[in-house]
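Visitor: I would like a close look at one part of this model. Please walk me through its surroundings, and then through the charged pairs.

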Amino acid sequence: MATPHIQGERGIFADTVLMPGDPLRAKHIAETFLEDAREVTSVRNMLGFTGRYRGREISVMGHGMGIPSVSIYAKELITDYGVKRLIRVGSCGAVRDDVAVRDVVIGLGASTDSAVNRTRFMGHDFAAIADFELTRHAVDAAAAQGVPVKVGNLFSADLFYNPQAELFTLMKRYGIVGVEMEAAGLYGVAAEFGGRAMTLCTVSDHILKGESLPSEARERSFNEMVEVALDAVLRDDAAGAA
């Protein structure tokens, strides 16, 4: 049955959901990549759609901005709608010299300044990591499509406008591949409730170099990343069936 944040009965979502932060990006993915896509939820204008990609049923739904927002939707999708795989497709900032705008980064893990995973893990540190098989298939999909990727540790920040500018230099020292706002929460929810999760991001700007992508290039890079995510799902299906 419907939740406070998602309308509709169980069965309206496929077992795999791609999740951009922006609900209009969800609409774009549905219209661009899915056949026979239909809107299945629109509570608070957080749009969700279900359609088919190369014959495989796939859903896409926005998750909003920040760990609290993504945590609500991820939890309800898993526990109330039976979703098994959640793939965040978003954007991030870079801090490392070898990560450039337009690169795709895959979050093998996610550090954070949020306390949510300590809260769910009884005050202890929780290693928020992506599902290995999904990650491996995304890396293979990117290689097959000729899309450059960096795989490593993301930093999921609670503050977009962080007053501690020196933190970004520290992230660079520790090898952070991308700074975003949701992956650590998504991975914590997946671990708690038995889902499988992964995060892919396009690098939209370089925080320390002051570089950013123009809007047209940003859209093109986003589409390339979505194709990697969709191919990863098909590869994951094939591996599971083998």
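Guide: First, a term: helices here are DSSP runs of H or I with at least four residues, strands are runs of E with at least two, and both are numbered from the N terminus. Keep in mind that this is a predicted model.

Helix 4 spans residues 132–145, and Glu133 and Arg136 sit three residues apart in that helix, so about one helical turn separates them. Their side chains form a salt bridge, 2.6 Å from N to O. Glu133 is partly exposed at 30% relative accessible area. Arg136 is also partly exposed, at 40%.

Now the part to look at closely: the largest pocket. The space in this pocket comes to about 700 Å³. Its lining holds 30 residues, with Ser91, Cys92, Phe160, Glu180 and Met181 nearest the centre. By type, the lining has 14 nonpolar, nine polar and seven charged residues. Strand 5 contributes the most, six residues. Helix 5, strand 8, strand 9 and helix 7 are among the elements that supply at least two each.

The UniProt record, an unreviewed entry, puts a "binding site" feature at His5, Glu180, Met181, Glu182, Ser204 and Asp205. These positions spread over 201 residues of sequence and reach up to 31.4 Å between C-alpha atoms. Glu180, Met181, Glu182, Ser204 and Asp205 from this set belong to the pocket lining. His5 lies in the segment before strand 1. Contacts of His5 include Val43, Arg44 and Tyr73.

Take Glu180 next. This residue belongs to strand 8. At 3% relative accessible area, under the 20% cut-off, Glu180 counts as buried. Among its contacts beyond four places in sequence are Arg88, Ser91, Cys92 and Phe155.

Finally, consider Asp97 and Lys172, whose side chains form a salt bridge of 3.3 Å, N to O. Asp97 is in the loop between strand 5 and strand 6, and Lys172 is in helix 5, so the pair links parts 75 residues apart in sequence. Asp97 is exposed at 52% relative accessibility. Lys172 is partly exposed at 34%.

Key: Residues are numbered from 1 along each chain as its sequence is written. This is a predicted model: local features need pLDDT of at least 70, side-chain atom pairs count only at pLDDT 80 or more; totals for chains, interfaces and linings use all residues. Side-chain values use heavy atoms; hydrogens and water are left out. On a 1 Å grid over the protein atoms alone, a cavity is a set of points where a 1.4 Å probe fits but cannot get out, and a pocket is an open set with protein on both sides within 12 Å along at least five of seven lines; lining residues have an atom within 4 Å of a point. Grid points are joined across faces, edges and corners, and a volume is the space filled by probe spheres set on the points. Ala, Val, Leu, Ile, Met, Phe, Trp, Tyr, Cys and Pro count as nonpolar, Asp, Glu, Lys and Arg as charged, and the others, Gly among them, as polar. UniProt positions are given in the numbering used here, feature names are shortened, and annotations may be inferred rather than shown by experiment. Contact means heavy atoms within 4.5 Å. Buried means under 20% relative accessible area, exposed over 50%, partly exposed in between (1.4 Å probe, protein chains only). A salt bridge is a side-chain nitrogen of Lys or Arg within 4 Å of a carboxyl oxygen of Asp or Glu.
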